[in-house]
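Me: Hi! Could you walk me through this structure? I have some quick questions.
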Amino acid sequence: MPSIQSFMTLSLLSLVLTGCSSLSSTRPLDVQAQSLPESCYATYGGTRLAQVGAIAAALEAQGYEVRASDVELGLVSAERITRQPGLGATRQWRGSSMGWFGGHRRGGMLGVGFGDPFNVFRSDPYSVERVSVSADGQRYLAVRSVTVVSPDGFVIDARPASPQPFCQQTHAAINQALANSGEGS
């Protein structure tokens, strides 16, 4: 009887461990090839140096600031930071504990605050768009992510954002930059 009980315990434990290891991980910003539209991939003519230069020029023309590039890897990373004026207007009226005449929460505080009682001088959240165009063999892959950050530095929203129109516009701008440089095919 003890051998049957230990066998059942061992079997149950192995099923639980196997079930947990077979579940896929949920990483929301993980880019998977099957989730990207085919328009995010493109092939360019010319040398790798000319391709990376055209990618950098195209992204700068779209308002991005190039942060890193590597000719050997065929990689260009850029970002654009934009204020989001409407998102900061949702602050609650009880957000601060200090006003003109001290605290307005429970308790007895006395003092003069130098805070902003009407939230006039608050900052707006900002959006950080990051774009990477990288070589995948002979093809290039364009990927974009958007992160909205509060003025305090907390992430409000973060998600991949590589829809078909973005990819088409980016690859068209890169082809145009290659044609302007005389290296395009």
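Reply: Happy to! One term to start with: a polar contact is a pair of N or O atoms within 3.5 Å, where, within protein, one must be able to donate a hydrogen and the other to accept it. Also, this is a predicted model.

Me: Good. So which side chains does the side chain of Glu129 make a polar contact with?
Reply: The side chain of Tyr64 is one partner, at 3.1 Å. Arg144 is another, its side chain joined to that of Glu129 by a polar contact of 3.2 Å.

Me: And where is Glu129 found, and is Glu129 buried or exposed?
Reply: Glu129 sits in strand β6. Its relative accessibility is 11%, so Glu129 counts as buried. Leaving aside neighbours within four places in sequence, its contacts include Ala78, Arg80 and Val146.

Me: New topic: how many disulfides are there?
Reply: The count is one. Cys40 and Cys167 form it, with their sulfur atoms 2.0 Å apart. Cys40 is in the loop between α1 and β1 and Cys167 is in helix α3, so the pair ties together parts 127 residues apart in sequence.

Me: What about its handedness, right or left?
Reply: The S-S torsion is about 60°, so this disulfide is right-handed. Both Cys40 and Cys167 are buried.

Me: Last one: what do the buried residues of α2 pack against?
Reply: They pack against β2, β3, β6, β7 and α3. Among those buried residues are Val52, Ile55 and Leu59. Helix α2 spans residues 48-61, and Gly63, which follows α2, has a positive phi near 95°.

Key. Residues are numbered from 1 along each chain as its sequence is written. This is a predicted model: local features need pLDDT of at least 70, side-chain atom pairs count only at pLDDT 80 or more; totals for chains, interfaces and linings use all residues. Side-chain values use heavy atoms; hydrogens and water are left out. A disulfide is a pair of cysteine sulfur atoms within 2.5 Å. Helices (H or I, at least four residues) and strands (E, at least two) are DSSP runs, numbered from the N terminus. Buried means under 20% relative accessible area, exposed over 50%, partly exposed in between (1.4 Å probe, protein chains only). The expected span of a helix is 1.5 Å times one less than its number of residues. Contact means heavy atoms within 4.5 Å.
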